[in-house]
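Subject: Structure for you to look at

Hello,

Here is the structure I said I would pass on. Please open it beside this email and follow along.

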Amino acid sequence: MAGASDKARYYLEQSVPELQELIRKQIFTKDEVSSIAKKRSDFEHKLNARGSSASDYARYAEYEMNLDALRRTRAKRLGIKAASHTGQRRIFFVLDRATRKFHGDTSLWMLYLRFARKEKANKKVAQIITSMLRLHPASPELWVYAANYAWQERADITESRGYMQRGLRFCNRSKRLWTDYLKLEMLYIAKISARRQILGLNSNSPRKELIQPSKDFEQDLIKLPRATTEDMGLDIAAASSARSTNEESKIVSSSALAGAIPIAIFDAATKEFPEDPTLGTAFFDVVTQFSELSCSKRILEHMVQYLMAKTPTSAATLTCYIRQPLVGLFAASTLLPRALIDVVDRFELAMQKVDSLKGSSEEFGTREVVSQQTIKCLGTYLEFPELDSDIRAVVTAMIKNAWDHCLQLLKTRSSRSKDETIALLRILHHHGFEDLMQQGVTLALAMWPDDPQLMTSNSQVGALELHH
């Protein structure tokens, strides 16, 4: 214990000049400084004694963070210029000791990183990330965190891409790491596309028309956040001169904007997960978030072709196959009627593939998932009041057709998912399909008679009948 006490006393002595300065500048009173010294003494003796835990270090760091915040607030109120680095340095010292002793505790590392980022200590953040990844190379969440930091805070795609690629060497079986890598590349393409639009490199049209497209053009697109010259750190003169830079000429001549990198990531991921359509679905959902990009259609087409070739009877594959024509189309789009015809054909083909599973354990589950996901996808278009009445009638008929497949499963008591069935009944109720909902609730109660949510839905149906 003598050694622990000596070490604690040594650390406490280092803070004496700081405490004296606080008294001299009247930021804290003598009594408050005595309380601070006592609190630090308690923490230091606990940390340097045997049996200290990671939570002890976390509480000590939190105490110092609160104390430093109070010191800054009082100094600002009193108009006193006080050194801010002392409190920061002390907190870093506590957290550094914590991560050295409990290097396996990722929560301490994240606490360390959050504080360093809050203090905008970029060099410290880089050091922490390097040490953390060296000790935890098999944690995909940490690689994702590092890559996001490099992209969001430093706008460095090379560094961010490097973190993702190094992470995949250690965690090549992490689906999250693969999908986040794909998302990073899609974000980069979106940023480059926005920059090219500002610089007027997409066409010979004036810049004003590129920044402010016509309303008719925007109706068919899901908007990405609009970037401006201020966002890019460019003025008009700089934008004009930047057109001839080597960087832009390389981008123009490369196939990056055509989606070559996301396609390569998808191909590499499928080699790790050759028979897993759920990963393909995750990739599909990521790309649909960037439907405004011209390369998104090519990427989705590549994904769907692969999935249909490898797992043509999977519910995940068939759901992506049916959804693909509708990606990026709003209710007022002139392309919607043609896309709905494709969806009808694809749904029928999907049901034929499900019919080929007859007698297998997958048949009912696949039919149920495909029908439910089709209803959810089509139901979103009924939300738009501007939807043409003829198209609304077609969408309604398609929903009823898909519901018939769900209804058959409920009649034969072959439905597998109670929660999905309840969610689907709520969608039908939301869109005004009360007759379909009534059929579904009655049959679902026969399968799950004691479910409170179904009983509530049944009472809602009764109330609607009385109202009518």
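This is a predicted model: local features need pLDDT of at least 70, side-chain atom pairs count only at pLDDT 80 or more; totals for chains, interfaces and linings use all residues.

Helix 16

Helix 16 covers residues 277–288, twelve in number. From its first C-alpha to its last it reaches 16 Å, which is close to the 16 Å expected at 1.5 Å a residue. Most of this helix is covered, with nine of the twelve residues buried. The buried residues include Pro277, Leu279, Gly280, Phe283 and Phe284. What do the buried residues of helix 16 pack against? Their partners are helix 10 (175–199), helix 15 (260–272), helix 17 (296–310) and helix 18.

Ser333 sits in the loop that runs between helix 18 (315–323) and helix 19 (336–355). Its relative accessible area is 3%, and because the cut-off for buried is under 20%, Ser333 counts as buried. The side chain of Ser333 reaches the backbone nitrogen of Leu335 at 3.1 Å.

Helix 19 and helix 21

Two packed helices are described by the angle between their axes and the distance between the axes. For helix 19 and helix 21 (residues 389–411), the angle is about 10° and the axes are 11 Å apart. Helix 19 is therefore roughly parallel to helix 21, since angles under 35 degrees count as such. On the helix 19 side, the residues that meet helix 21 include Leu336, Leu340, Val344 and Phe347. Among those they meet in helix 21 are Ile391, Val395, Met398 and His405. By class, this contact has eleven nonpolar, two polar and one charged residues.

Regards

Note on methods:
Residues are numbered from 1 along each chain as its sequence is written. Side-chain values use heavy atoms; hydrogens and water are left out. Helices (H or I, at least four residues) and strands (E, at least two) are DSSP runs, numbered from the N terminus. Buried means under 20% relative accessible area, exposed over 50%, partly exposed in between (1.4 Å probe, protein chains only). A polar contact is a pair of N or O atoms within 3.5 Å; within protein, one must be able to donate a hydrogen and the other to accept it, and residues adjacent in sequence count only if both atoms are side-chain atoms. Axes are lines fitted to C-alpha atoms, for helices over the stretch in contact, and angles run from 0 to 180 degrees between N-to-C directions. Angles under 35 degrees count as roughly parallel, over 145 as roughly antiparallel, 65 to 115 as roughly perpendicular and the rest as oblique. Contact means heavy atoms within 4.5 Å. Ala, Val, Leu, Ile, Met, Phe, Trp, Tyr, Cys and Pro count as nonpolar, Asp, Glu, Lys and Arg as charged, and the others, Gly among them, as polar. The expected span of a helix is 1.5 Å times one less than its number of residues.
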